[in-house]
Amino acid sequence: MNNSFSLLFYIKKCKADKSGRANIYLRITMDGQRAELSIRRKVLVDKWNSDMNLARGSSDESLEINRYINTIKNKLYSIEQRRVSEGKPITAILLRNLYLGKDSNKKMLLEIFEEHNKKMNKLIGKSFAAGIAERYRTAKKHISEYILKEYRIKDVLVKEVDNKFINGFEYYLKTERKCKY
């Protein structure tokens, strides 16, 4: 996989506001395909160095903008490298979406569990008894407690639920919750 990949930070001088500040944009180019986004920062037009793609000067504002730009670069290079090393396809648009957190595969375990439980509650008396719905709520509570105890986070990505997670949860149920089966 031999991808040509570049990042360009730029401003649109003609769209500067009344105080002379312009939004900073990022253009991601991958094999000739482009994707653009605003980095949600502004800079004085005369403080922008378009050759270096950075803010000029050593003021606190310029240093903060330049640090932020470097952080963005590092994240994007890291995402690109990870995709390449995993042999997964990558495009400029996909890279932008992954950076922005618009990954369509980011389904969280407890969110899905909660959706399921809401559906089960609506079926009480129709095709499920109230006790079944209570068991689902209890199961979700146990999973939530396990995630918090073991991973110290509130939820996990569904794609991270693997054999290790399942075995760990089973062990937690048997030891911490004293479940027999």
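**Cores, helix packing and selected residues in a predicted model**

Arginine 152 lies in the loop between α4 and α5, where helices (H or I, at least four residues) and strands (E, at least two) are DSSP runs numbered from the N terminus. The structure is a predicted model, in which local features need pLDDT of at least 70 and side-chain atom pairs count only at pLDDT 80 or more, while totals for chains, interfaces and linings use all residues. Residues are numbered from 1 along each chain as its sequence is written, and side-chain values use heavy atoms, with hydrogens and water left out. The predictor's confidence in each residue is given as pLDDT, from 0 to 100; the mean for the protein is 91, and 96% of its residues reach 70 or more. Confidence is lowest in helix α2 (residues 92-100), at a mean of 90, and highest in β4, at 98.

Two residues stand out by their backbone angles. Most residues other than glycine have a negative phi, and most peptide bonds are trans. Arginine 152, however, has a positive phi near 60° although it is a residue other than glycine, and asparagine 53, likewise not a glycine, has a positive phi of about 60°.

Asparagine 49 is placed in strand β4 (residues 48-49) and counts as buried at 18% relative accessibility. When residues up to four places away in sequence are not counted, asparagine 49 touches Leu54 and Arg56, a contact meaning heavy atoms within 4.5 Å. Leucine 54, found in strand β5, touches Lys47, Trp48, Asn49, Asn66 and Ile69, again not counting residues up to four places away. The C-alpha atoms of leucine 54 and lysine 180, which are 126 residues apart along the chain, are separated by 61 Å.

In soluble globular proteins, nonpolar side chains tend to be buried together. A nonpolar core is taken here as a set of buried Ala, Val, Leu, Ile, Met, Phe, Trp, Tyr and Cys residues joined through side-chain atoms within 4.5 Å. The largest such core has 25 residues, of which Phe9, Ile24, Leu26, Ile28 and Leu95 touch the most other members. The elements that give two or more residues to this core are β1 (5-11), β2 (21-30), β3 (33-44), β5 (54-55), α1 (60-85) and α2. A second, separate core of 11 residues includes Tyr146, Ile147, Phe169 and Tyr172.

Strand β3 holds both valine 43 and glutamine 33. Valine 43 counts as buried at 2% relative accessibility, and its contacts, leaving aside neighbours within four places in sequence, are Ile11, Gly20, Arg21, Ala22, Ile24, Trp48, Ala55 and Ile65. Glutamine 33 counts as partly exposed at 31% and, with such neighbours again left aside, is in contact with Ile28, Thr91, Ala92 and Ile93.

Two packed helices are described by the angle between their axes and the distance between the axes. Axes are lines fitted to C-alpha atoms, for helices over the stretch in contact, and angles run from 0 to 180 degrees between N-to-C directions. Angles under 35 degrees count as roughly parallel, over 145 as roughly antiparallel, 65 to 115 as roughly perpendicular and the rest as oblique. The axes of helix α3 (residues 109-122) and helix α4 (residues 130-151) come within 10 Å and cross at roughly 170°, and the two helices are therefore roughly antiparallel to each other. The residues of this contact divide into 9 nonpolar, 4 polar and 3 charged, where Ala, Val, Leu, Ile, Met, Phe, Trp, Tyr, Cys and Pro count as nonpolar, Asp, Glu, Lys and Arg as charged, and the others, Gly among them, as polar.

Helix α4 also packs with helix α5 (residues 163-175), at an angle of about 105° and with the axes 10 Å apart, so that α4 and α5 are roughly perpendicular to each other. Their contact is made by residues including Tyr146 and Ile147 of α4 and Phe169 and Tyr172 of α5, and its residues divide into 8 nonpolar, 2 polar and 3 charged.

Notes. Buried means under 20% relative accessible area, exposed over 50%, partly exposed in between (1.4 Å probe, protein chains only).
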